Amino acid sequence: MSPCVSRLISIVASFFIFSAAWFCLWSISLHLVERPELAVLLFPFGLRLGLMLQCPRAYWPVLLVAEWIMLIWLAKVVALAHLPLLMAGSVLTLLPVALISHYRHQRDWRTLLSQGAALIAAALLQSLAWAGQQEMLNALLLTLTGGLTLAPTCLVIWHYLTSTRWQPLGPALVSQPVNWRARHLIWYLLLFVISLWLQLGLPAELSRFTPFCLALPIIALAWHYGWQGALIATLMNAIALIASQTWHDHPVDLLLSLLAQSLTGLLLGAGIQRLARAESVAAE
């Protein structure tokens with residue numbers, strides 16, 4: 001297969017996979033914020049930023065064109081408001097992403113902090129398009145929450161895909177037994193069940209202690225698995241928060257809780273990774 005054909009296939013596949021994921025996350029966001037144009041600023045924004053921070057620049061136009069096509073389609077189907085603002089904001093967010101792509105660090109904790117700073121700057125630029133309108137603060141909260149929730153997950157997946165040594169699938173590889181690592185799966189499932197129980201099972205008089213209890217899975221997985229564990233625990237807590245039915249009367253509280261969880265996981269993961277790096281240097 002020629003390189004041009006292979007590149008074309010990867011571009012087309014990326015377009016359709018991103019479009020499907022973008023629409024699914026928009027549907028989930030619409031369930032949380034109940035306004036189509038604001039739902040675009042939540043998880044779809046975080047998905048696009050998370051992928052742009054990891055993938056090569058050649059795929060940025062694919063992501064932008066796919067998002068714009070979805071926005072135009074939604075404007076016709078559900079009367080999506082503020083279409084020019086959404087498209088202008090997506091262009092503005094390219095500035096911090098392009099800047100951070102020039103400074104890729106080998107140390108993971110610096111990567112976490114630099115990409116976190118790029119996400120915050122992109123959220124500010126995206127909400128800048130709403131300046132002078134009542135929804136500006138809501139847009140800022142949504143972009144910060146969506147970006148800091150999904151973009152670190154993209155980093156974890158990208159780190160796994162690029163750091164793992166992949167081998168061609170052959171008879172020798174197929175005959176090898178699959179190592180499921182049951183202990184790790186049990187750890188993840190147990191902490192996820194605990195997070196979900198904290199959302200649904202605590203009595204009303206103890207509801208104020210829920211954010212402190214939700215930090216325990218992040219600390220446990222960060223201590224055991226490093227920055228990847230902290231970010232995975234953050235994602236599990238986010239799913240538990242969304243799955244609970246206690247936030248329907250207070251959607252802003254849900255967004256603030258998701259934002260606090262994401263910041264906790266990001267900063268704790270970066271701190272633990274820096275400590276591990278310092279210990280390895282001292283041991284040498």
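Analyst: One term to begin with: a nonpolar core is a set of buried Ala, Val, Leu, Ile, Met, Phe, Trp, Tyr and Cys residues joined through side-chain atoms within 4.5 Å. Buried means under 20% relative accessible area, exposed means over 50%, and partly exposed is in between (1.4 Å probe, protein chains only). This is a predicted model, where local features need pLDDT of at least 70, side-chain atom pairs count only at pLDDT 80 or more, and totals for chains, interfaces and linings use all residues. Residues are numbered from 1 along each chain as its sequence is written, and side-chain values use heavy atoms, with hydrogens and water left out.

User: Which residues have the most contacts inside the largest nonpolar core?

Analyst: Trp22 and Trp130 do, in a core of 59 residues. Helix α8 (residues 136-163) gives the largest share of this core, ten residues. Domain 1 (3-163) and domain 2 (182-283) each supply at least three residues; those bounds come from an automatic or database domain assignment. There is also a second, separate core of eight residues, with Leu191, Leu221, Tyr225 and Met236 among them.

User: What does Trp130 touch?

Analyst: Leaving out residues up to four places away in sequence, Trp130 touches Glu37, Leu38, Leu41, His82, Leu85, Leu86, Glu135, Met136 and Ala139. Contact here means heavy atoms within 4.5 Å.

User: Let's zoom out. How many helices and strands are there?

Analyst: The protein has 13 helices and zero strands. Both are DSSP runs numbered from the N terminus: helices are H or I with at least four residues, strands are E with at least two. Of the 284 residues, 40% count as buried.

User: Which residues of helix α5 are buried?

Analyst: In α5 (residues 83-92) they are Leu83, Leu85, Leu86, Gly89 and Ser90. These residues lie on the same side of α5, because they cover an arc of only 165° around the axis. That arc is taken from the directions from the helix axis to the C-beta atoms.

User: Is Gln126 buried or exposed?

Analyst: Gln126 counts as buried because its relative accessible area is 3%. This residue lies in helix α7 (residues 108-128). Beyond its neighbours within four places in sequence, Gln126 is in contact with Leu41, Phe45, Arg48, Leu85, Leu86, Gly89, Ser90, Thr93 and Thr143.

User: And Ser19, buried or exposed?

Analyst: Ser19 is buried, at 10% relative accessibility. Ser19 sits in helix α1 (residues 3-33) and touches Ala66 and Met70, not counting residues up to four places away in sequence.

User: What about Leu189, buried or exposed?

Analyst: Leu189, in helix α10 (residues 182-200), is exposed, with a relative accessible area of 56%. Leu189 and Met236 are 47 residues apart in sequence and 9.3 Å apart in space, C-alpha to C-alpha.

User: New topic: how many aromatic pairs are there?

Analyst: Rings of Phe, Tyr and Trp (its six-membered ring) pair if their centres lie within 6.5 Å; planes under 30 degrees apart count as stacked, over 60 as edge-to-face and the rest as tilted. That rule gives three aromatic pairs. One of them is Phe15 with Phe16, which is edge-to-face at 5.3 Å centre to centre and 90° between the planes. Phe15 is partly exposed at 22% relative accessibility, while Phe16 is exposed at 53%. Phe23, Trp26 and Trp73 form one aromatic cluster.
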